Amino acid sequence: MKTVSSLLDKEWHERYKRISKLNIRSSIYDVTNQCNLRCKGCFFFSSGEDKVANEERNIKKWEAFVDREKERGVNLAILIGGEPTLYLDRIEAFYKQLPTFCATNGLIKVPRDRFPDMVVGISLWGDEEDEKTLRGKDTFSISSKKYEGDLYAYYLYTITPRQIGKTERIVKKIHDAGLKVHMQLLSNDEGVYGFSWKPEELKDIRVEMDDMLDKYPKTVISSKYYHKIITSGKMLGRSFGWNECPSVTEPLDNRDPKPKRLIHFIRWASDLKTMHRCCTSETRDCSICKDGAAHMSWVMVNKREHIRSTKDLQGWIEVYEMFAKLYQFIPW
Ligand code: SF4
Ligand code: SF4
């Protein structure tokens, strides 16, 4: 029988042991329904998730809610929105109690005297032209000045089909700003013309993502196995989609049979009562979903299936390490 020990040499086994202790239990929280941008393709607004719940305004209720989440076993709070930095007191309710990650568009800087080591993921949707088309402004020019050299911030670079052949310039700009970058792919929830992926484009962008990792290994937080999975939507001969997705809110998960999934995962709306279907858009067609975290988690929850060859298990370890680095459970 194949076992972890039989497939890994000493060095890989040490890496495996380091991550296997982590036992990460994440959930996702909409901090607010408001945003200081309105990006075309934002899953939150395009699916109407900003309208399903009235946001809770009493900070004491946020604090009590975080207590309950901690008791529920959550050890990683992923804050999204809308734009979380519009409500720093709500962010603080999480940060005081739990390892906390904050997604932001980077227009407002998280004050580091108040949140010294909170990991911040700054969204970036391509080059200046793409950002102006999709988000109304070149956010990088603002966010990179605010976060230059920040040790706990990285760019969440959403690559669009128009970025093929152009990613190096972006990665280099991030490298020069002393920041890290993680790459994911646009799902184009609002069907903006020219921004949906064609099969040959996905093959091309995979090669380019691999190349960026080879050229900028200290800047790019990624793994080639992740590139393969996110661009192909395939893992070990299986196809990603509703039947396989690990990031469905547990109390709403009526799939039968249930796939391997994130334990106790919930995505909460900002009224602290309503739950959303999954980690991303309520209305997205799962067959075109390119959500990066969902694909990473898909690999992570299927550990046993990767204990079949050294290469498969090493791929699993690299994806788990990447996830742990992105939330600073292990250093970059
Ligand atoms: S900044 Fe984020 S939350 Fe705001 S509109 Fe853009 S994608 Fe949506
Ligand atoms: S849209 Fe994506 S993350 Fe949501 S359930 Fe479908 S596959 Fe999963």
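**Entry 1: Asn23**

I began with Asn23, which I found in the loop between α2 and β1 (26-30). Helices (H or I, at least four residues) and strands (E, at least two) are taken as DSSP runs and numbered from the N terminus. The model is a predicted one, in which local features need pLDDT of at least 70 and side-chain atom pairs count only at pLDDT 80 or more, while totals for chains, interfaces and linings use all residues. Residues are numbered from 1 along each chain as its sequence is written, and chains are lettered from A and ligands numbered from 1 in the order in which they are written.

I looked up the backbone of Asn23 and noted a phi near 50 degrees, a positive value in a residue other than glycine. Most residues other than glycine have a negative phi, and most peptide bonds are trans. Is Asn23 buried or exposed? Asn23 counts as exposed because it has 10 C-beta neighbours inside 10 Å. The cut-offs are these: a residue is buried if 20 or more other C-beta atoms lie within 10 Å of its own, exposed if 12 or fewer, and partly exposed in between, with C-beta atoms placed from the backbone.

**Entry 2: other backbone exceptions**

I next looked up His264, in the loop between β8 and β9. Its phi is positive, about 60 degrees, although His264 is not a glycine. His264 counts as partly exposed because it has 15 C-beta neighbours inside 10 Å. The loop between β8 (238-239) and β9 also holds Pro257, and the peptide bond from Asp256 to Pro257 is cis, with omega near 5 degrees.

A cis bond also leads from Gly81 to Gly82, with omega near 10 degrees. I placed Gly82 in the loop between β2 and α5 (88-95).

**Entry 3: the sheet**

I followed the strands and found an open sheet of eight, in the order β6-β5-β4-β3-β2-β1-β9-β10, with mixed pairing. The edge strands are β6 and β10 (275-276), each of which pairs on one side only. Two strands are said to pair if DSSP finds at least two bridges between them.

How are β2 and β3 joined? Strand β2 (residues 76-80) runs parallel to strand β3 (residues 100-104), and three bridges join them. Ala77 has Thr100 of β3 as its bridge partner, and Ile78 stands opposite Phe101. I noted that five of the five residues of β3 are buried. Thr100, Cys102 and Thr104 point one way from the strand, and Phe101 and Ala103 the other way.

Helix α13 (residues 310-326) has 17 residues and reaches 24 Å from its first C-alpha to its last, close to the 24 Å expected. The expected span is 1.5 Å times one less than the number of residues. Its buried residues include Leu313, Trp316, Val319, Tyr320 and Phe323. Among the elements that cover the buried residues of α13 are α1 (4-7), α2 (10-20), β6 (180-185) and α11 (292-301). After α13 comes Gln328, with a positive phi near 60 degrees.

The largest nonpolar core has 85 residues, and those with the most contacts inside it are Leu79, Tyr155, Val181 and Val319. Such a core is a set of buried Ala, Val, Leu, Ile, Met, Phe, Trp, Tyr and Cys residues joined through C-beta atoms within 7 Å. Helix α13 gives the most to this core, with eight residues. Leaving out residues up to four places away in sequence, Val319 touches Ser223, Tyr225, Tyr226, Met296, Val299 and Met300. A contact requires C-beta atoms, placed from the backbone, to lie within 7 Å.

**Entry 4: two loop residues**

I looked up Asn188 in the loop between β6 and α9 (199-215). Asn188 is buried because 21 other C-beta atoms lie within 10 Å. Its C-alpha atom is 9.0 Å from that of Ile288, 100 residues apart along the chain.

Ala269 is in the loop between β9 (267-268) and β10. Ala269 is partly exposed because 19 other C-beta atoms lie within 10 Å.

**Entry 5: the ligands**

Among the residues around ligand 1 I listed Cys35, Arg38, Cys39, Cys42, Gly81 and Gly82. A residue is near a molecule if its C-beta atom, placed from the backbone, lies within 6 Å of it. This shell has six nonpolar, four polar and two charged residues.

Which residues come nearest to ligand 2? Of the 14 around it, they are Cys245, Cys278, Arg284, Cys286 and Cys289. The shell of ligand 2 divides into eight nonpolar, four polar and two charged residues. Ala, Val, Leu, Ile, Met, Phe, Trp, Tyr, Cys and Pro count as nonpolar, Asp, Glu, Lys and Arg as charged, and the others, Gly among them, as polar.

How values were computed:
Two residues are in contact if their C-beta atoms, placed from the backbone, lie within 7 Å.
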